[in-house]
Amino acid sequence: MEKMPSIFFFCFFLCLSHSSSSSSLESPINNVAKKKTYIVHMNHNQKPSIYSTHHDWYIASLQSLSTNSDSDSDPLLYSYKTAYNGFAASLDPQQAQALLASGSVLGLYEDTLYQLHTTRTPEFLGLETQTTLWAGHSAEDLGRALNDVIIGVLDTGVWPESKSFDDAGMPEIPARWRGQCESGPDFSPKLCNKKLIGARSFSRGFHMASGNSGSGYPGRQKEPVSARDKDGHGTHTASTAAGSPVANASLLGYATGTARGMAPQSRVAAYKVCWTDGCFASDILAGIDRAIEDGVDVLSLSLGGGSAPYFRDTIAIGAFAAVEKRIFVACSAGNSGPSKSTLANVAPWIMTVGAGTLDRDFPAFAVLGNKKFSGVSLYNGKGMGTEPVSLVYFKNSNQSSSICLPGSLDPDLVKGKVVLCDRGMNARVEKGQVVRDAGGVGMILANTAESGEELVADSHLLPAVAVGRIVGDQIREYVGSDPKATAVLSFGGTVLNVRPSPVVAAFSSRGPNTVTRQILKPDVIGPGVNILAAWSEAIGPSGLAQDTRKTKFNIMSGTSMSCPHISGLAALLKAAHPEWSPSAIKSALMTTAYTRDNTRSLLHDAAEGSFSNPWAHGSGHVNPQKALSPGLVYDASTSDYVKFLCSLGYSPEQLQILIKHSGFNCTKKFSDPGQLNYPSFSVMFGGKRVVRYTRRLTNVGEADSVYNVTVNVPPAVSVTVKPTRLVFGKVGESKTYTVTFVSKKGTKNKARYGFGSIVWSNAYHQVKSPVAFAWTAL
């Protein structure tokens with residue numbers, strides 16, 4: 001796992017972690033006399049009539065607790081209105097037990113820590129001329145519609161001075177907007193404008209865990225409470241989603257061009273929920289709660305944790321409340337690939353986004369003896385000249401030296417030389433800092449089997465070239481066999497039209513979905529490797545404390561970068577089709593995605609160079625041009641999601657955490673979670689040979705449309721679709737079909753998994769659904 005001191009580097013350096021204080025109070029509370037943050041689930045139906053608001057009731061409930069704790073401190077951190085029926089509070093174990101004993105409390109959960117997981121992408125996605133996308137819409141219609149869409153970004157805040165948030169030419173803020181620009185010690189409300197229309201921060205959960213209450217991180221000083229982005233990650237994601245056009249943008253000369261977001265005329269509201277140590281569930285929930293109340297149309301969350309049941313997943317809980325309000329929610333899939341079953345944010349009401357490459361690269365070269373090897377780099381300094389220097393590799397030393405951990409290199413052996421460092425454990429740019437501190441003049445960063453052939457460019461502090469595993473092994477062999485090994489490093493700038501592209505990023509988290517195997521995740525992939533976007537001027541592009549460089553733009557990689565691409569595209573679709581539900585928008589993006597690269601080959605996986613599959617790329621790479629006119633959509637309502645949740649066997653109390661409103665029941669539920677009207681299929685045979693699902697398609701194309709079905713499945717499966725032809729007389733009409741999957745006899749002993757597709761098509765549209773098959777648990 002590659003680590004960095006700054007929060008965003010959990011995304012940038014390709015690792016995703018999820019740590020929980022402990023489980024909910026369905027298990028015993030840790031009996032330590034220290035205060036902790038708890039999220040309290042209240043039975044809203046039991047609010048006494050003497051309290052005019054639920055907030056008053058929460059305060060009274062906390063005041064009733066007998067305690068010897070400091071009575072001067074207010075235990076209430078947040079009172080949730082929409083995203084959750086309850087509140088967050090700072091409690092000692094005795095208070096927590098007393099509160100849990102109350103009949104009005106349905107559950108008590110310790111706070112959970114989550115982590116964070118462009119000049120070329122508009123052209124790569126075919127968005128350089130938006131007016132060509134909008135059949136039947138004028139340019140004026142396009143502008144007005146986009147001006148009304150508000151994207152809420154939950155992240156590390158925002159750098160409001162960035163030109164990516166310039167509001168030149170934008171009309172007045174929509175009257176329905178209820179948000180605000182909060183004042184802070186380093187943030188004036190005047191910094192917001194008609195583009196950046198809101199900026200809030202939520203830090204009570206973080207500060208509670210930071211040592212001031214005797215728990216968490218002793219000695220940690222409180223960070224200033226404001227929406228100011230000291231990390232860069234939030235500014236990068238917000239500008240990717242909806243940044244205004246900025247000419248001549250670059251990272252220190254790399255990727256020069258006009259940078260703009262996917263929906264450059266939409267509004268941005270920033271909600272800072274992530275701080276030095278990560279993103280706490282209580283703060284995330286407060287951010288979602290406030291964003292819903294403020295009136296956002298799209299929520300973008302480039303953060304997450306490990307898999308958990310939906311009623312224990314803070315993001316899933318908040319997202320359910322948002323989708324009920326017709327808010328589209330996109331989340332990053334995580335950066336824990338290429339291992340299987342590593343996904344985060346897998347709830348079916350969330351758009352789960354993986355990462356792929358662009359057709360842009362930043363080549364760099366290492367000449368070793370008489371051989372030249374290719375890699376990548378964003379180094380922009382003086383360089384090391386053209387004279388070869390000694391190359392060293394500490395393979396036979398302790399492992400910390402071979403991977404260049406801090407303090408592991410002997411200056412007497414490194415000074416004036418290029419060092420070969422294995423990738424892994426610590427952050428890639430930190431390895432270069434270690435080499436530089438020891439007197440080295442350059443670094444070759446070589447992938448191992450774990451990172452495969454994937455190359456991610458970094459803004460190194462010394463001349464450095466990153467190479468894949470195959471080249472890395474050749475270099476290791478060279479330096480190990482030649483005691484006079486030499487190296488010269490050089491840099492090739494920016495190259496476009498790289499082939500093949502896109503390629504699925506090795507770090508992008510993979511399925512299958514471990515929470516609900518019958519729901520195929522991720523949903524799609526989008527651009528997530530070497531993405532240029534706006535940056536905070538409070539931190540250097542490498543994120544290292546020693547990096548004193550300042551830049552207005554930075555190049556980053558991670559599913560954190562692909563998520564806001566899809567958030568921005570969702571804003572485009574919402575502007576074009578304001579009547580569409582979040583699930584209809586999701587369906588349009590999924591069923592029109594493509595699975596062939598710019599060489600017309602099937603998508604490849606950077607991890608091993610082999611073909612990718614739907615557990616890695618979902619429905620494929622997004623294609624916004626086609627998504628604007630998908631022909632048919634798989635729509636799903638809140639009642640459909642309730643039937644889905646009821647099919648999972650959750651208790652009434654667990655269901656109430658998600659569904660919230662009173663009066664629901666599970667008399668109508670799906671016999672199988674896979675019956676949800678989802679745009680993809682995940683078929684679990686297990687102990688049965690036959691799986692049958694019914695789906696509903698709604699015509700959003702032309703009247704009098706006829707579609708025929710085409711099925712592609714592996715030889716081990718036979719499929720029957722009834723009917724094989726769907727006729728839609730009018731727009732908005734819905735038709736159902738039933739598909740029966742049959743595992744052929746003897747297959748279970750031969751196959752573990754396979755993939756296929758179901759496509760409904762006519763002369764104008766192809767509505768494609770990927771299908772994943774599994775016979776055994778992985």
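Visitor: Are C274 and C279 buried or exposed?

Guide: In this predicted model, both C274 and C279 are buried.

Visitor: What makes C274 and C279 a disulfide?

Guide: Their sulfur atoms lie 2.1 Å apart. The cut-off is within 2.5 Å, so the pair of C274 and C279 counts as bonded. The torsion about the S-S bond is 105 degrees, and this link is right-handed.

Visitor: How do you know that C404 is joined to C421?

Guide: The S to S distance for C404 and C421 is 2.0 Å, and a pair within 2.5 Å is called a disulfide. This link is left-handed, with -85 degrees about the S-S bond. C404 sits in the loop between α10 and α11 while C421 belongs to strand β22, so the bond ties together parts 17 residues apart in sequence. Both cysteines are buried.

Visitor: What else does strand β22 pair with, and how do you know?

Guide: Two bridges join β22 (residues 418-422) to β21, and the two run parallel. At least two bridges are needed for strands to pair, so β21 and β22 qualify. In that pairing, L391 stands opposite V418. β21 also has two bridges to β25, in an antiparallel arrangement, where S390 stands opposite T486.

Visitor: Why is the disulfide of C646 and C666 called left-handed?

Guide: Its torsion about the S-S bond is about -70 degrees, which makes the disulfide left-handed. C646 lies in helix α18 and C666 in the loop between α19 and β33, so the link connects parts that are 20 residues apart in sequence. The S to S distance is 1.9 Å.

Visitor: How many disulfides does the rule give, and what is the pairing of the bonded cysteines?

Guide: The count comes to four disulfides. Numbered in sequence order, the bonded cysteines pair 1-2, 3-4, 5-6, 7-8.

Visitor: What makes C331 and C563 count as buried?

Guide: C331 has 0% relative accessibility, and C563 also has 0%. Buried means under 20%, so the word applies to C331 and to C563.

Notes
Residues numbered from 1 in each chain as written. Predicted model: local features only at pLDDT ≥ 70, side-chain atom pairs only at ≥ 80, totals over all residues. Heavy atoms only, no water. Helix = DSSP H or I, 4+ residues; strand = E, 2+ residues; numbered from the N terminus. Buried < 20%, exposed > 50% of the residue type's maximum accessible area, 1.4 Å probe, protein only.
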